[in-house]
Amino acid sequence: MTHAMLKGSNVPLEAETVRAVLRWAPGQAVPDVDVSALLLGPDGRVRSDEDFVFYNQPRHPSGKVWRLGKKRITEGLTDTIQTDLPGVEPDVGRILLVASADGVTFDRVPALCILLYDAAVADAEPLARFEIKPETGAETALICGELYRRGEGWKFRALGEGYSNGLKGLATDFGISVDEGEPPAVPQPLPPAVVPQPAYGYPQPQPVPVPVGPLASDFRLPPQGPQFIGR
């Protein structure tokens with residue numbers, strides 16, 4: 001039986017390996033959506049930048065939280081995080097499940113939902129389903145829900161909390177160090193070539209150098225952490 005979740009509700013998890021599937025409907029002008037996970041320590045923040053599982057760092061060093069990648073299925077597009085709950089390090093009390101839309105607002109992402117499955121059971125019904133409704137529509141990142149410890153077990157809570165400053169802003173709030181870095185070097189235009197003048201008539205036009213403007217810099221994690229490059 002699938003638990004239909006309301007925002008703020010929770011459900012106990014008996015499964016040991018949980019597959020969290022973010023799903024949405026594709027279409028014209030629908031942005032690409034990514035799922036990621038943040039493993040939080042006792043203070044409610046990541047212990048290091050390695051506790052951020054996302055498209056540039058798809059597997060946690062512990063090997064217990066990882067991305068499975070995107071798929072196209074009959075119901076839409078999916079991106080998936082899988083977690084081996086018994087193997088999660090004892091000082092990790094919460095795992096946030098996050099959706100981001102590459103700077104595009106979630107009012108343009110239809111039929112967004114997150115489904116939890118027992119990864120050990122093939123073709124099983126979802127354990128839980130949460131239809132995510134952005135509060136303002138201006139969110140570019142959403143905390144869809146969280147896996148959290150309760151006693152000796154784990155539970156899932158439906159959240160749907162939004163950020164208007166994207167995955168970067170959300171990650172920073174939970175302790176990820178984001179470094180803007182230096183802008184890349186801008187190549188300078190070459191001087192115009194010397195064109196021989198004709199012996200008679202009008203001179204040939206000289207080529208005009210095209211000025212090169214500054215490039216937008218990607219944001220990155222510091223050298224000691226993984227690169228966090230917006231897409």
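This passage describes a six-stranded sheet, the strand 4 within it and the helix that lies across it. The structure is a predicted model, in which local features need pLDDT of at least 70 and side-chain atom pairs count only at pLDDT 80 or more, whereas totals for chains, interfaces and linings use all residues. Residues are numbered from 1 along each chain as its sequence is written, and side-chain values use heavy atoms, with hydrogens and water left out.

The six strands form an open sheet in the order 2-12-11-8-4-5, with antiparallel pairing (strands are DSSP runs of E of at least two residues and helices runs of H or I of at least four, numbered from the N terminus; two strands pair if DSSP finds at least two bridges between them). Strand 2 is joined to strand 12 (residues 153-163) by four antiparallel bridges, and Pro12 stands opposite Lys155 of strand 12.

Strand 4 (residues 34-40) is largely enclosed by the rest of the structure, because seven of its seven residues are buried (under 20% relative accessible area, with exposed over 50% and partly exposed in between; 1.4 Å probe, protein chains only). In a regular strand, side chains alternate between the two faces of the sheet. Asp34, Ser36, Leu38 and Leu40 point one way from strand 4, and Val35, Ala37 and Leu39 point the other way. Strand 4 pairs in the antiparallel sense with strand 8 (residues 94-100) over seven bridges and with strand 5 (residues 52-53) over two. Ala37 has Leu97 as its bridge partner in strand 8 and Val53 in strand 5.

Key
Contact = heavy atoms within 4.5 Å. Axes fitted to C-alpha atoms, helices over the stretch in contact; angles between N-to-C directions.
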